[in-house]
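Take a moment to look over the model below. Then read on for a short tour of its surface, a pocket and its charged pairs.

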Amino acid sequence: MESESAIVALGALAQGTRLDVFRLLVRHEPAGLAAGEIARQLDVPQNTMSAHLGILARAGLVRSERHSRSIIYRADLGGLRALTLFLVKDCCAGNAELCVPLVAELAPCC
């Protein structure tokens with residue numbers, strides 16, 4: 001991941017509703033949620049939710065798939081992985097043993 005892509009992704013998550021959307025979608029992996037259901041669960045107007053989902057999609061953090069009349073959104077775990085690796089790539093000045101607690105805490109979710 002390049003710095004510019006990381007900045008876009010972090011910027012997308014720096015807004016409260018978008019962060020809530022992303023966390024909601026992570027909780028609903030791998031099934032995802034319809035856009036209307038996301039809006040309902042977070043009590044956000046559907047047109048506003050659409051704008052938030054577009055920003056997250058352009059940042060590489062969510063992806064969508066049409067199912068009949070619904071659009072199902074899912075967290076893009078590959079994008080999250082790339083962002084996380086970008087942030088910790090040079091962690092601990094090359095002392096990998098210092099990163100063991102971080103890796104251990106992340107392991108159960110993966």
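Where is the place of M1? M1 sits in the segment before helix 1 (3–13).

## About the model

This is a predicted model: local features need pLDDT of at least 70, side-chain atom pairs count only at pLDDT 80 or more, and totals for chains, interfaces and linings use all residues. Residues are numbered from 1 along each chain as its sequence is written, and side-chain values use heavy atoms, with hydrogens and water left out.

Helices (H or I, at least four residues) and strands (E, at least two) are DSSP runs, numbered from the N terminus.

## A nonpolar patch

M1 is partly exposed, with a relative accessible area of 42%. Here buried means under 20% relative accessible area, exposed over 50%, and partly exposed in between (1.4 Å probe, protein chains only).

M1, L10, F86 and L87 make a nonpolar surface patch of about 350 Å². Patch residues have over 30% relative accessible area and no salt bridge; nonpolar side chains (Val, Leu, Ile, Met, Phe, Trp, Tyr) are joined within 5 Å, like charges within 9 Å. The areas come from the Shrake-Rupley method with a 1.4 Å probe, and for residues only the protein chains shown count as cover.

## The second largest pocket

The second largest pocket has a volume of about 160 Å³. A pocket is an open set of points on a 1 Å grid over the protein atoms alone, where a 1.4 Å probe fits, with protein on both sides within 12 Å along at least five of seven lines. Its lining residues have an atom within 4 Å of a point.

Which helix gives the most to this lining? Helix 2 (residues 16–27) does, with five residues. The lining includes L13, F22 and R27. By class, it has five nonpolar, no polar and two charged residues.

## Two salt bridges

Side chains of opposite charge can pair when their charged atoms come close. A salt bridge is a side-chain nitrogen of Lys or Arg within 4 Å of a carboxyl oxygen of Asp or Glu. The count comes to two.

R74 lies in strand 3 (residues 70–75) and E29 in the loop between helix 2 and strand 1 (33–34), so the pair ties together parts that are 45 residues apart in sequence. R74 is partly exposed, at 22%.

E37 and R40 also meet in a salt bridge (2.6 Å, N to O). Both lie in helix 3 (residues 35–42), three residues apart, about one turn of the helix. E37 is partly exposed at 24%, whereas R40 is exposed at 56%.

Definitions and conventions: Points joined across faces, edges and corners; volume = space filled by probe spheres on them. Nonpolar A, V, L, I, M, F, W, Y, C, P; charged D, E, K, R; others polar.
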